[in-house]
Amino acid sequence: MKGIKTKFSFSKLFYNDKFVMVFSILVAFIIWFMVSTTTQETTVFTVTDIPITLPELGNDLQFFNTENMTAEVKISGNAIVVAGVTSSDVYITASDTSEVTSPGKYKLNLVPKKTGVKTDYSFESTVSPSTIEVYVDRYVEKEINITDKIVVDSVAEGKYASTTTLAQQTIKVTGAESFVNSISEAAAEYTFDNPLSETTTIDARIALYDVGGNEISQEYVHTDKTTVSATIPILNIKTVQIVPTIINSPDSFVFDSNHVIVEPSEISIAVPDDAEGITDTISTDPIDLSTVNSGNNKFTVNLNIPSGCRNLNQVTSADVTFDSTKLSSKKITLSSFTVINEAVDRKATVSTKSIDIILIGAKDQISSISAANLTAVVDMSSKGNFTGFAEMPVTISINSKFPFCWSYGTYQVDVSVVDTTIVSEPESSAEPASQEDSAA
C-alpha cells in the first residue's frame, strides 16, 4: 500500500507564532544592516576605561603608580563599526616625554592611538582627562627594622605588661628611590582601649616615618607587609625573698638570717603564667664561705632572675653582710684525718701529724665547739691509681649541732700512697760461708 504524501505549504508557516517571531527579527536585522552600511550618517561613541600606556624612560628612570590610570575618548564613524570598538582597540599615551630626564613630578599631555585591526573610525575629541600628573624616579629596594610603637595604657591589678614580641623584625620596602631613602622608621602601631589581663596577640599596622616624624605616604612606596603580628606578654607580679648562694660550706651549714643581713631583702618580679619552678625566693651569685671572717664579711653579689621573669625594681645586685658583732673565731688543732675514695689496691696514709685550723661562726656555737666535733677529710678520688707522695686538700666536716660554723681558709696535708699488690721480698737469713767452707 502506498503511503499518503503530505504536501508542504509555505503559507501555513505564517499561522505558526514562533516562526512568525523569528522571521520578523531576521527581516528587521537585514533591513537595519542594509540601511546602516549604505547610509553616510556618522555615529559618535565613547570608549571608556582605556588603560594609559606610558613609554619607557632612559637613565634607569620609570613612572610610578600609573598602573591603574585610565581615560576615555569619543570616536565617530559608521554605526556598526564604532559599536564594535572596545578599550582594547585604543591605547592612550603621552604625546611627548623628551623633557623627562630626572626624578620629579611631571604633567604629561595625553593622545589617543589606534591599535588592532579596527581602524575605520575617527577620534571625535581629545582624551579625557587630557593631561595627567606623574612621578618619575629610580626603583630601589631596602630592608628596614620594625620599631615597636604599640601602646598598652593599662593592665589589670597585679599584672605587668612585658616587652612586646614581633613576629618579624624587618620589612622590605620597594619603590621610588627618593621616598624609600627618606624612610627613617617603620613603626608597628596599635593602641589598646581596655586594660589587659592576659597575654594578647594582635595585628599591628606598619607605618613609615621620615626623620622629622612625618608619616610617609605609600603612594610611591610599597611594603611586603602592611601589618605585623605582635604578642604582648602579661605577667603576674610576685614578691620574692633574696637568699644568698653559699659555696665551700660544710654539710652541716644552715643559712641564718639572724646573723646575715641582705639588702635589699626582697624584690618584685613579674612571672609568666606558664613559668615552672618559680618559688618565693631568688638566689645570688655564689659567696665562698671559706673566705668569710670578721674582717671580710661584706659582699656585693648579682641577683639571678629566673628566665622569662622581669625584675620590676631594676635592682641587679644585693649587699650580703655577715654580722661581725655576732661572729667569733677559734683556732683548733686537728691530728686525726679520715681518708676516703681510695682507688682499688691503693693505700693512702696521711704523713702530716697535725694542722691548725681557724673556725668562724656564731659566738654561742664557737664557744663550745672542740676538735671532737670536727673531722678532717682527705678525698683521694682525683688521684686514681697514683702512687707516691702528694699534697692533698683537707675538707673540714662539722657536727650538725653547730649549723652556723665554718672553717676559714684552705688546708693541705701530705699523703703517701702505696700499691698494695706489690709484696716486699724478705731479707735472706743464710749465714755467709766460712773460710773453711770456701776452701773446701
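A residue is counted as buried when its relative accessible area is under 20%. By this criterion, 33% of the 440 residues of the chain are buried in the present model, which is predicted. The chain contains five helices and 29 strands. Among contacts with a separation of 6 or more, 73% are formed by residues 24 or more positions apart.

One part of the strand content is an open sheet of three strands, arranged in the order β22-β25-β28 with antiparallel pairing. Strands β22 (327-334) and β28 (405-408) form the edges of this sheet, each pairing on one side only. On average, and with direction ignored, neighbouring strands of the sheet are turned by 35 degrees against each other. Strand β25, which spans residues 355-362, runs antiparallel to β28 and is joined to β28 by four bridges. Within this pairing, Leu-359 has Ser-407 of β28 as its bridge partner.

Ser-290 is located in the loop between β18 (281-288) and β19 (298-304). The side chain of Ser-290 additionally makes a polar contact of 2.7 Å with the side chain of Asp-288. With a relative accessible area of 12%, Ser-290 is classed as buried, because this value is under 20%.

Charged side chains were examined next. Side chains of opposite charge can pair when their charged atoms come close. The structure holds seven salt bridges. One of them is formed by Glu-185 and Lys-149, whose closest N and O atoms are 3.1 Å apart. This pair links distant parts of the chain, since Glu-185 belongs to strand β11 (residues 185-191) and Lys-149 to strand β7 (residues 131-151), 36 residues apart. Lys-149 has a relative accessible area of 40% and is therefore partly exposed.

The side chain of Arg-205 meets that of Glu-189 at an N to O distance of 2.6 Å. Distant parts of the chain are again linked by this pair, with Arg-205 in strand β12 (residues 200-209) and Glu-189 in strand β11, 16 residues apart. Both partners are partly exposed: the relative accessible area is 39% for Arg-205 and 22% for Glu-189.

A salt bridge also forms between the side chains of Arg-205 and Glu-215, at 2.2 Å from N to O. Because Arg-205 lies in strand β12 and Glu-215 in the loop between β12 and β13 (221-223), the pair ties together parts that are 10 residues apart in sequence. Through shared partners, the salt bridges join Glu-189, Arg-205 and Glu-215 into one network. Glu-215, at a relative accessible area of 44%, is likewise partly exposed.

Key. Residues are numbered from 1 along each chain as its sequence is written. This is a predicted model: local features need pLDDT of at least 70, side-chain atom pairs count only at pLDDT 80 or more; totals for chains, interfaces and linings use all residues. Side-chain values use heavy atoms; hydrogens and water are left out. Two strands pair if DSSP finds at least two bridges between them. Helices (H or I, at least four residues) and strands (E, at least two) are DSSP runs, numbered from the N terminus. Axes are lines fitted to C-alpha atoms, for helices over the stretch in contact, and angles run from 0 to 180 degrees between N-to-C directions. A salt bridge is a side-chain nitrogen of Lys or Arg within 4 Å of a carboxyl oxygen of Asp or Glu. Buried means under 20% relative accessible area, exposed over 50%, partly exposed in between (1.4 Å probe, protein chains only). A polar contact is a pair of N or O atoms within 3.5 Å; within protein, one must be able to donate a hydrogen and the other to accept it, and residues adjacent in sequence count only if both atoms are side-chain atoms. Contact means heavy atoms within 4.5 Å.
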